[in-house]
Amino acid sequence: MRAVLALAPRLRTAGGSDTRLTTGLAVLAFAVTTALTLSVVGGLRGFMARAANPTSQYEVDYAEPYVWLAWIAVVLLLVPLVTLGGAAARLGVARRDARLATLRLLGVTPREVVVLTVVETAAQGLAGAVAGMVLYGVLLPVWSLVPFMGSHLTVGEMWVGAPGLLVAAVAVPLLAAVSGAVSLRRVVVSPLGVARRQTPRRLGWVRLLVAVVGVGLFMVVSVAGGGLGAAVIGVLIACLGIAFATLNAVGPWVLGLYARLLLWRARTPARLLAARRLLDDPRAAWRVVGGLGLAGFVAGCLAVLPALTMEAGSSAEDRLMVDDLTTGAMLTLVIAFVLAAVSAGVAQASAVLDRRREYALQHLAGVPAELFHEVRRREVLGPLLLVGVGSAAVAVVMLSPLLGFAGVTNPRGLLLLGGCLVGGVLLVLAAVESTRPLLRQVLASRDVRPD
Amino acid sequence: MHTTGTPGAAPGAAAPTRTSDGLRARGLVHRFGSTTALAGVDLDLAPGRSLAVMGPSGSGKSTLLHCLAGILVPDDGSVTLRGREVARLDERERSLLRRRHYGFVFQFGQLLPELPAVENVALPAMLNGAPRARATEHARQWLVRLGLAGMEERRPGELSGGQAQRVAVARALITGPDVVFADEPTGALDQATGANVMRILTETTRAAGASLVVVTHDKGVADWCEERIEVRDGLVVGHHVRESWDGAAARADLSAGHGGLR
């Protein structure tokens, strides 16, 4: 065991620029995850502090609902945050797969391989957590520019304190290690299986049923509640969590169906390849666009809030509340979009590295580089539009019992939704394009012999 | 538009006569930094002929293949294909040349893992403008011809090494290339499977009227070709031409020893 652990740093350096790059990407993803989680938790703490020690009549009257709304934002961002963290862990593991499989063939035991991976992934998680804390510190003054409740949330209010940082320093490496170990199972189970690509398991229609039941439950509860009392909001938040889980469950299945449709209709090489890639691994595609799918869902939910509150009248306090809700919606969306874009960039970069040999050989055989760019764009853009717009529509339909006709009479929220979807799509596309130089570098390489 | 190749011609049929020369290189020089990989190589290959390029590691044989195939631009000298200078085309034109006039068989890993065999073969034809339905039909015919009937929908991960290389041969030939370049095409295979792939590669390439350039360090692989050159330190040091093609003898050996396709 000790000898194998001693190998860890050598394995890392032996990987060359590839491994350095993927390690860098994984650390970046952990850092973004940590910084945004700390920011979101900091905001929640800020609102809780104001509710506990109100300094104005408005805060006395309304601070409590703000805490609940902040909780909703936390729940909404939890899934994309965890997804990105998981993607970061997998990224590190995927690049080591081949060499770990070699170690297995050389007789290293499964337990030693797991320990080796857990140690390395946890180290990346720790590096990311530390970088994320620094990023959080940089972001604090930025967040404090945003007005809430008629004044700005101060840096002091959003500071999670030493205990918060300590929790992040322990939790991020721990979750990274667990996630890495889980995704390592295939190497451990079968060292020869890594290079082989089997037809992926079909995703059952049961997922769709679960989703429909989850959405229906939400609608029934929100109608039966009849008001916006704190208890009902609590249930709504729980249901929102369930809705998220179901969206995550049904997403890959829907993407698989969509890929079949694309495949059937494909007439050009780029469309054919994009459809085949999507069909090959809809889960991977979902991990890329799931962030924006969830962001679309967030936008759908929050887009109705201004319209809802305007029904109550238009006193100065109500206007302040609506402004704050819109601000909160924008912030949540911006964070979700940033997470989605980082996810897309990380996934595309690792896909380029994983496919470097086939990319290079296809290029040598005369396949133009532009085809690869088009395939990459299509394989992200198709699901992005389907999932982003689709999940936003699901959210609006889900909330329609609460919304009524206010969506038509007060379209501001829905316009905001449209704007954020366009912005999000462009941001994710930009992240995909940012990996262009990496692909160019891979294509320029003629060193395609396996040794 | 460039037509797609048809697998209809029988193996061993006479190569079609072409009006001008096949592949020709004159005075090829290529350096990597201060290292001279090619120090002035001349080479002629008629349409339908096969040539093995042999030599130890670092001899320059891969650089030679890359210069002939329009992957590298030589520092000096010329490469002509059917009388047309191709070495100094720009990047886009060389890419087009490789796609339309050349076919490639690499050691492994050139098939896209998410595409079934038939689509891997159809892809180059589609890139050259053939509609998907027609390209797929041609691809099917090629797979059947190369003994892969029933494997059309399998993905590369579900094929054996020999089967995957035969798919790669079909992929290289579907566009009706003038020259097929094979870089250690049997390097990842056992000897019997490798011989099988070489038989199919040489027979089908010849039948399609294409020239074949095989880079290998394996004398057994080189023996399948009609001509053989030895490369040392960037120079051609030996050139052997068979009087009559005796691949048939090797074929007899193979069928006696190992029987059918694997």
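The model is predicted, and local features are reported at pLDDT of at least 70, side-chain atom pairs only at pLDDT 80 or more, and totals for chains, interfaces and linings over all residues. Residues are numbered from 1 along each chain as its sequence is written, chains are lettered from A in the order in which they are written, and side-chain values use heavy atoms, with hydrogens and water left out.

Chain A contains 18 helices and two strands, whereas eight helices and ten strands make up the secondary structure of chain B; helices (H or I, at least four residues) and strands (E, at least two) are DSSP runs numbered from the N terminus. Of the 451 residues of chain A, 51% are buried, and for the 262 residues of chain B the value is 57%. Here buried denotes under 20% relative accessible area, exposed over 50%, and partly exposed the range in between (1.4 Å probe, protein chains only). The accessible surface, computed by the Shrake-Rupley method with a 1.4 Å probe and, for residues, with only the protein chains shown as cover, is about 19,900 Å² for chain A, 70% of it from carbon and sulfur atoms. For chain B the surface is about 10,100 Å², with 50% on carbon and sulfur atoms. Contacts (heavy atoms within 4.5 Å) between residues at least 6 apart in sequence join residues at least 24 apart in 85% of cases in chain A and in 71% of cases in chain B.

At the interface, 31 residues of chain A are in contact with 31 residues of chain B. The two chains bury about 3,000 Å² between them, 55% of it on carbon and sulfur atoms; buried area is the accessible area (1.4 Å probe) lost by two parts on being put together, summed over both. Twelve residue pairs, both members at pLDDT 80 or more, are in polar contact across this interface. A polar contact is a pair of N or O atoms within 3.5 Å; within protein, one must be able to donate a hydrogen and the other to accept it, and residues adjacent in sequence count only if both atoms are side-chain atoms. On chain A, helix H9 (230–265), helix H10 (269–280) and helix H14 (356–364) each supply at least two residues of the side that touches chain B.

Glu119(B) is buried at 7% relative accessible area, and Arg276(A) is buried at 14%. Glu119(B) also forms a salt bridge with Arg132(B), at 3.8 Å. A further bridge between the chains joins Glu114(B) and Arg277(A) (3.1 Å, N to O). Both residues belong to a salt-bridge network that also includes Arg355(A), Glu358(A) and Glu379(A).

Within chain B, Glu226(B) and Arg49(B) form a salt bridge at 3.6 Å. Glu226(B) lies in the loop between helix H7 (219–222) and strand E9 (227–232) and Arg49(B) in the loop between strand E2 (35–45) and strand E3 (50–54), so the pair ties together parts 177 residues apart in sequence. Glu226(B) is buried at 5%, while Arg49(B) is partly exposed at 25%.

Note on methods:
Salt bridge = Lys/Arg side-chain N within 4 Å of Asp/Glu carboxyl O.
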